[in-house]
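Let's take a friendly look at the charged side-chain pairs in this protein. Here is the structure to keep beside you while reading.

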Amino acid sequence: MKKTKITAYVDPALFDEIDALAARRRVPKTQIIDAALASFLSPDSAEQSEAAIVRRLDRLTRSLERLERDQEITTEALALFVRFWLTTTPPLPDDTYAAAKTKGKERYGGFVQTLARRLAKGSTLTKELSQDV
């Protein structure tokens with residue numbers, strides 16, 4: 001097939017990208033430019049782009065819905081815990097406050113270690129709740 005020569009000016013950064021892609025794929029730059037122009041001029045190009053965008057948006061929407069659900073579970077779990085703790089924990093007498101503070105730091109350290117282990121294993125409350133339900 002006979003080809004027609006054209007001269008076009010492109011941004012230097014775009015030229016560098018074309019040059020790098022041609023080197024990576026070991027094809028002439030003309031082949032890359034032909035493919036890009038064919039894709040741009042194709043009547044299906046807009047539909048393909050739109051379909052790709054719709055797929056990405058759907059994936060993002062599902063991801064956001066999961067985040068919203070997880071955030072709601074987290075908020076409710078925290079609120080339930082705080083309400084329970086506030087209603088069942090009596091105030092400490094002044095003479096036991098220092099010992100309770102020391103014990104609280106120790107227990108908090110254990111909590112952080114347990115949390116780190118669970119997160120490292122990929123075990124989360126959200127996953128447990130999903131499995132239980």
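The report below goes through salt bridges and the exposure of their partners.

## Ground rules

This is a predicted model, in which local features need pLDDT of at least 70 and side-chain atom pairs count only at pLDDT 80 or more, while totals for chains, interfaces and linings use all residues. Residues are numbered from 1 along each chain as its sequence is written, and side-chain values use heavy atoms, with hydrogens and water left out.

## Salt bridges

How many salt bridges are there? The count comes to four, where a salt bridge is a side-chain nitrogen of Lys or Arg within 4 Å of a carboxyl oxygen of Asp or Glu.

Among them is the pair of R69 and D70, with N and O 2.9 Å apart.

## Links between helices and segments

K3 and D34 form another salt bridge, their closest N and O atoms lying 2.7 Å apart. This pair links distant parts of the chain, 31 residues apart: K3 sits in the segment before α1 (12-25), and D34 in helix α2 (residues 29-41). Helices here are DSSP runs of H or I with at least four residues, numbered from the N terminus.

D19 also meets K29 in a salt bridge, at 3.1 Å from N to O. D19 belongs to helix α1 and K29 to helix α2, so the bridge ties together parts ten residues apart in sequence.

## Exposure of the partners

K3 is exposed, at 52% relative accessible area, whereas D34 is partly exposed, at 35%. For these terms, buried means under 20% relative accessible area, exposed over 50%, and partly exposed in between (1.4 Å probe, protein chains only).

D19 is partly exposed at 34%, and K29 is partly exposed at 33%. R69 is partly exposed at 38%, and D70 is partly exposed at 23%.

Notes:
Helices (H or I, at least four residues) and strands (E, at least two) are DSSP runs, numbered from the N terminus.
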